[in-house]
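Here are my notebook entries from an afternoon of looking things up in a structure.

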Amino acid sequence: MGKTEAMKKNDIRIIRKRRALMDILARLPDDIGRSLRGLPDRVLDGLEEIRFRTDRPVIVYSSGSEYEVARMGDRNVSQAEIEKIFSLLVHHSNYSYQEEIKSGYVTLEGGHRVGICGKVVSDNGRVVAVKDISSINIRRGSEFPGISDELIPFIVSGKKQIRNTLIVSPPKCGKTTVLRDAIRNLSNSGYKVGVCDERSEIAGAAQGIPGFDVGMRTDVLDGCPKNIGIDMLIRSMSPDIIAVDELGTDADAAAVERVTVAGISLIATMHGDSYEDVIRSRMGKCVKAGLISRIILLGQEPVPGTIKAVYTAAKVNLIEDSSMNLKWTREEKEVDK
Amino acid sequence: MISKIAVCLLMTASGLAGGITASNMLIKRERILAELMEGLRILKAEIYYTHDHLDLVAARVAEMAPKTAGLLFDNFQRILNHNDEADIKELWQESVMTTFPLHIPLKEKDCASLLSLGQKLGKTDVDGQCRFIDGVIVELSVRHDEACETVKNKAQLVKTLGVAAGTICAVLYI
C-alpha cells in the first residue's frame, strides 16, 4: 500500500473515531462534555475510557496513560451527577436497556459500552436491577479497517472454506475490533455472514442501522441472545458464516455445536489468555470434539490486537513470530515516517 | 322602556351563556380524562412492545392518541428534545402545565394524578413502567367516573341555574 493511500485511510479512521467520540461527549452533561472536549487532541484521539466515580474526579484513559480531567468548581463528580450522566446516556429510558443493566453494562449507538457499578438488587440469586449507580465506565468502541487482514489466511482454508475460529484474549485486547473487521473482510470477499450481536457491540447498530462497517453481505441480528439468535440465523438467513461475540456459557457451547453440524462456519470471541484457558472453559469440549479448528490468541503488547499465537485444535502453534503486529499498526508507523 | 327590555334580555342571555359554558366545562373534563386514559394506554403498549427511547415513544403516542392526550405527548416530546438535560419529572410537569394552563378544564386533583406519572417515567424496567402507568390510569378512571356522574347530575342543572340567575337579575332590575 502506498504511503499516500495509507495516510488517507488513517485520516479517515481518525475522523470517524473523532466523530464517534464527539457523539458520546454530546450525550454527557454540558459542563462535563465541555471539559472533556477541551482535552488535547492527542488525548482525545487515543481516548479509550472515560471513568466517573462518586466523589472522585473524572479520569480518562488514552493511549495507555491515565489523565485526570480538570473541571470548573468542584472537580469531583457527585452522586446526582452520576445519576444524571447515566440517565442521559440511556435517553432517560432505563426500560430500553433493562436486560443490559442487569448484566452491568449498556451499549450505546456506535457500539460504545458503558459499564456500571452500584447497589445490585437480586432475587433468588438473579439480578433484578442495579440502583444507586456509583461508577460509570464509558469504553469507546473503535474500528480499524484492515486490522484482521493478516488473520484471514489462518481462517480461510485453501478451498475457500472458513475454519471454525475462536478469537481469544483478556479484556481490552481488541477481540471485538478484530472480529468486526474479520466479518467485514469475509463479507466483502463474497461470504454471507450472519452476526448475532447480543450486546450491539459488533455492528454498533442503532435503530437497525449498523454504526460500523460490517461488510456488504452481513445480516445483523441485534440485541438477541446468542443461543436463540444463532438458531434464528440458521433457519432464516442461510449464512455461510455465523459470527458472535463473547461465548462462555453451556448454552453458547450447545449453540456452537448446532452451527457446526448445520454446515455453517463460526467465528467467535471469548475471554481467556491461553490455549489451556479455552480447554478449561465451557468451550473446551467443542475444541476437543474438533468443532473448533483455529484458536487465535490476541495480546495487548505492543498494541491491542497483536496476535500472540494461532493454535489448531491439537495445540499446534501456526505462527512463530509472536511479535507479529496487525496491519493498522504498521500503517500508522508508515504514516509516522 | 326599550332599553330596559334590552338590558333584561341581555342579562337572561348572559345567564344562559354562563350556564352553557359551565356545563361544557364539565363535559370537556370528562372527555379529556377519557382521552388521557387512552393516551396512557397507548404509552404503556408502546413501552411494552417497542422498548424504544422515551422521546420516540412520546412522538408515536402524540400521533396515535386522541386530541388532548396527543397534544400533551407532543408537548412532552418537544420539551424533552429541546432540553434533555433536565430531570424527566420537571419536563413532564412543564408539558402538563403547557397543555393545561391553570389546570382548566381539569381539576387540581386530576392534574396531581397526571403529574405523578413524571416521578417514575423512564426510570424503571418495562414491568415497572407498565405497573406505574396502570396505577395512573386507575386514578384517572376514578376521576373520570366521578366526572361522568357530575355531568349526568349537574350539566343540565348548571344550564338551568344560569338561565334562572339571569332571569332573576332581570326581574330584580325591572
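**Entry 1: a serine in a strand**

I started with A:S169, which is found in strand β9 (residues 165-169) of chain A. Helices (H or I, at least four residues) and strands (E, at least two) are DSSP runs, numbered from the N terminus. Before going on, I noted that this is a predicted model, in which local features need pLDDT of at least 70 and side-chain atom pairs count only at pLDDT 80 or more, while totals for chains, interfaces and linings use all residues. I also noted that residues are numbered from 1 along each chain as its sequence is written, that chains are lettered from A and ligands numbered from 1 in the order in which they are written, and that side-chain values use heavy atoms, with hydrogens and water left out.

Is A:S169 buried or exposed? I found A:S169 buried, with a relative accessible area of 0%. Buried means under 20% relative accessible area, exposed over 50%, and partly exposed in between (1.4 Å probe, protein chains only).

Next I asked which residues A:S169 is in contact with, leaving aside its neighbours within four places in sequence. My list reads A:K175, A:M270, A:H271, A:G272 and A:L298. Contact means heavy atoms within 4.5 Å.

**Entry 2: chain A as a whole**

I then stepped back to chain A, which has 12 helices and 15 strands. Its radius of gyration is 20 Å, close to the 20 Å that the globule rule gives for 337 residues, so chain A is as compact as a globular protein of that length. The radius of gyration is taken over C-alpha atoms, and the globule rule is 2.2 Å times the number of residues to the power 0.38.

Along the principal axes, the C-alpha atoms of chain A fill a box of roughly 65 × 60 × 35 Å. I noted that 52% of the 337 residues of chain A count as buried. Of the contacts in chain A with a separation of 6 or more, 60% come from residues 24 or more positions apart.

**Entry 3: helix α8 and what covers it**

Which residues of helix α8 (residues 226-237) of chain A are buried? I wrote down A:K226, A:G229, A:I230, A:D231 and A:L233. An α-helix has 3.6 residues a turn, so residues three or four places apart point the same way. The cover over the buried residues of α8(A) includes β10 (193-197), β11 (218-222), β12 and α9 (250-261) of chain A.

A:E246 sits in strand β12 (residues 241-247) of chain A. Its phi is near 55 degrees, a positive value in a residue other than glycine. A:E246 counts as buried, at 15% relative accessibility.

A:N124 also has a phi near 55 degrees, and this residue is again not a glycine. I located A:N124 in the loop between β7 (113-123) and β8 (126-139) of chain A. A:N124 counts as exposed, at 80% relative accessibility.

**Entry 4: an aspartate that touches chain B**

A:D30 belongs to helix α2 (residues 30-37) of chain A. At 47% relative accessibility, A:D30 counts as partly exposed. Beyond its neighbours within four places in sequence, A:D30 is in contact with A:R37 and B:E85. I also checked A:D11, 19 residues from A:D30 along the chain, and found their C-alpha atoms separated by 28 Å.

**Entry 5: chain B**

Chain B has six helices and zero strands. A compact globule of 174 residues would have a radius of gyration near 16 Å, but chain B has 21 Å. Its C-alpha trace spans about 70 × 30 × 25 Å along its principal axes. Of the 174 residues of chain B, 41% count as buried.

**Entry 6: a helix pair in chain B**

My last stop was helix α4 (residues 88-99) and helix α5 (residues 108-120) of chain B, whose axes come within 7 Å and cross at roughly 155 degrees. Axes are lines fitted to C-alpha atoms, for helices over the stretch in contact, and angles run from 0 to 180 degrees between N-to-C directions. α4(B) and α5(B) are therefore roughly antiparallel to each other. Angles under 35 degrees count as roughly parallel, over 145 as roughly antiparallel, 65 to 115 as roughly perpendicular and the rest as oblique.

Which residues meet here? From α4(B), B:I88, B:K89, B:W92, B:Q93, B:V96 and B:M97 meet B:L114, B:L115, B:L117, B:G118 and B:Q119 in α5(B).
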